[in-house]
Amino acid sequence: MARLVFRRIEQPGREYWAGLGVLAVLAMVGLWAAHVMELEGHVVTGMTNRVVWGLPHVFAVFLIVAASGALNAASIASVFGQADYKPYARLSGLIAIALLAGGLAVLVLDLGRPDRLIVAMTRYNFASIFAWNIFLYVGFVAIVAAYLVAMMDRELGRSDRWSKPIGWLAFLWRLVLTTGTGSIFGWLVAREAYDAAVLAPLFIASSLALGTAASIPILAACGRALGEPLLADDMLSRWQRLLAIFVAATLYFTALHHLTNLYASAHHGIERFLLLEGGGITQLFWIGQVGIGGVLPLALLLLSAPTMARLNLAAIMVLVGGLAQFYVVIIGGQVYPQTLFPGMEITSSFHDGEIAPYRASFYELALGLGGAAFALLLIGIGAALLPFLPRHPAR
Amino acid sequence: MSAPDRRELLRGLAGAATIALAPGVTLHVFEAQARAPDQKVSAKTRWGMLIDVGKCGDGCTACVEACKTENGWGGGTRSRTDAQWIRALTVRDPKTKAAVTLPMMCQHCANPPCVDVCPTGASFRRADGIVLVDKHICIGCRYCVMACPYGARSFVHEAVTDPKPHAPRGKGTVESCTLCVHRIDAGHEPACAEACADRAGGAMLFGDLNDPDSEIAKRVVRYRTVKVRADLGCDPGVAYRNL
């Protein structure tokens, strides 16, 4: 195999700068929204005491889960020895770090007291999966950074002596990380929609699908900035199959989760709500998560000849479906009332027993989009500063 | 007086004496020694409450109003975002339509999920069973609100004016019933229990569940009581009777 040569976006064109400008504005608007939320309090959001995690959490979890999966290309190259993916390994590391940074930024800025971040970094309750996740996220950034150094350093990058073991560590770490993120919900006994161990593998499958899906439009955009496509014909079909497998796995675990719940009559209420009577949530599940994010892209990926445009379309559909999925999990799981007295109806001034209304405010949307824009901004800047992109991608 | 002697004396003084005035009407007086500032909270005590739902009057909110006055919450107009430390919860059988109303607040669990999930340790359980939020290290992540099976926690959505010195509150942090820890440490019972005894049906009995001589411990043994969502294994410190 010919020695791989990497490049950066050396001569950014007008499109590149315009794109970067739009992302910077979106990120700044997100930062402003977070400032307003801190100044005025969460009263300016659509969140309530029944729906305490709103749209920012949907974006944050989406970005964090996708970050772990974005490392797929690097893992396939280093861990599974598929040299064809090596040209994309560096970029996949950059995407992984950037998406995680974007997700964490949203998570932190949505805290009631973001000014106390230092408290979260210095005081740990190790019974909390949240505290473990802080280590898992920071560790992931450090490991992927080391992985990038091992691949990109002139001396270290000559062989896979370092990149292979660090690649293994990164691979295992990201499985644990996504398990940790899924467990944030899976270990909640208080709410019927959660409290299911299958959420952890479901999150892993989602991460593989979303990370792969997120990488495809980024590869397309980088190819556009370089003036040459980064996914040649044979790799197009491989990426296509890869995405199809991960989307199918996500659908499988989603079906498993709901079928398991349907088997236990105690969970019939939440399942009836999510699958049949939940209004917007139900529509998001069937149309957004299952249709746009699952069945349609799967059909497109499996039944059509591979082209960059089709792969891109399928990837964007998977990403839209991923957002719908986390909206259904996070918001749907909260708007459905908690069961204090099984089999009884409850009412109170605190809106017990009611389906809680939730409509995200502009500030929440701005913060969520701002986090995504921040991640893409990091990728855009990184790709122009350092040689993350392959020069001879085909083989 | 040595520490063990002092503890002995405190145990002797602590307790709730109940005087039956007439059928269905009870007056109970809680008496305890104030805790000295240098005296550690002891795990020998487990503060708890027994609520006789049969004595809760229709539409009675004496406990809720007392808590508002004592701890300085309430008065807002946004029911979905305003904090509620205690609420009157109506439980109705959908088949028979039979209904009861009961006070619902932090159940001060022995195994509190809110404490388990808190990343910084801001949610904590005092040795004597009172579950609290350290307002100085709460980062406002709201994971405890997600984890509480009783919907007992509130997130402070906007600036708080004039908080009480003994009940600090702050925008961007989580709060819930403190069992009036400041009153307990001063040797008094929680404001809700006192108000219920003074102005309502005397449904709320407060005391030390670990002290076999206390009225609450005797009644918990004598009567059939229910703990809400006992199936979750949180072991609440609040029990309900006649539910």
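## Two oblique helices in chain A

In this predicted model, helices α2(A) and α12(A) are oblique to each other. Two packed helices are described by the angle between their axes and the distance between the axes. Here α2(A), residues 55-70, and α12(A), residues 308-335, pack at an angle of about 125°, and their axes are 9 Å apart. The crossing of the two helices is right-handed.

The contact can also be described residue by residue. From α2(A) come A:His57, A:Val58, A:Val61 and A:Phe62, which meet A:Gly322, A:Leu323, A:Phe326, A:Tyr327, A:Ile330 and A:Ile331 in α12(A). Sorted by class, the contact has eight nonpolar residues, two polar residues and no charged residues.

## Chain B as a whole

Chain B contains seven helices and twelve strands. It has 243 residues, of which 47% count as buried. Contacts in chain B between residues at least 6 apart in sequence may also be considered: 62% of them join residues at least 24 apart.

## Where chain A touches chain B

Between the two chains, 38 residues of chain A are in contact with 44 residues of chain B. On the side of chain A that touches chain B, the elements giving two or more residues are α5 (117-122), α6 (129-152) and β2 (345-348) of chain A. The element that gives the most is β2(A), with four residues. By class, the residues on this side of chain A comprise 18 nonpolar, twelve polar and eight charged.

Strands of a sheet pair through backbone hydrogen bonds, either parallel or antiparallel. One open sheet in this model draws on both chains: three strands stand in the order β2(A)-β4(B)-β5(B), with antiparallel pairing. At its edges are β2 of chain A and β5 (99-105) of chain B; each has a single partner strand, so one side of each is left without a neighbour in the sheet. Neighbouring strands of this sheet are turned by 30° against each other on average, direction ignored.

Across the chain boundary, β2(A) is joined to β4(B), residues 86-92, by four bridges, and the two strands run antiparallel. In this pairing, A:Ile346 has B:Val91 in β4(B) as its bridge partner. Within chain B, β4(B) and β5(B) also run antiparallel and are joined by seven bridges. There, the bridge partner of B:Arg92 is B:Ala99 in β5(B). Helix α2 of chain B, residues 62-71, packs on the sheet and touches β4 and β5 of chain B; the direction of this helix makes about 160° with that of β4(B).

## A mixed sheet in chain B

Another open sheet is formed by four strands of chain B in the order β10-β3-β12-β11, and the pairing is mixed. The edge positions belong to β10 (204-208) and β11 (225-226) of chain B; each has a single partner strand, so one side of each is left without a neighbour in the sheet.

The bridge partner of B:Thr225 in β12(B) is B:Arg241.

Key
Residues are numbered from 1 along each chain as its sequence is written. Chains are lettered from A and ligands numbered from 1 in the order in which they are written. This is a predicted model: local features need pLDDT of at least 70, side-chain atom pairs count only at pLDDT 80 or more; totals for chains, interfaces and linings use all residues. Axes are lines fitted to C-alpha atoms, for helices over the stretch in contact, and angles run from 0 to 180 degrees between N-to-C directions. Angles under 35 degrees count as roughly parallel, over 145 as roughly antiparallel, 65 to 115 as roughly perpendicular and the rest as oblique. A crossing is left-handed if the near helix is turned anticlockwise from the far one by less than a right angle, and right-handed if clockwise. Two residues are in contact if their C-beta atoms, placed from the backbone, lie within 7 Å. Ala, Val, Leu, Ile, Met, Phe, Trp, Tyr, Cys and Pro count as nonpolar, Asp, Glu, Lys and Arg as charged, and the others, Gly among them, as polar. A residue is buried if 20 or more other C-beta atoms lie within 10 Å of its own, exposed if 12 or fewer, and partly exposed in between; C-beta atoms are placed from the backbone. Two strands pair if DSSP finds at least two bridges between them.
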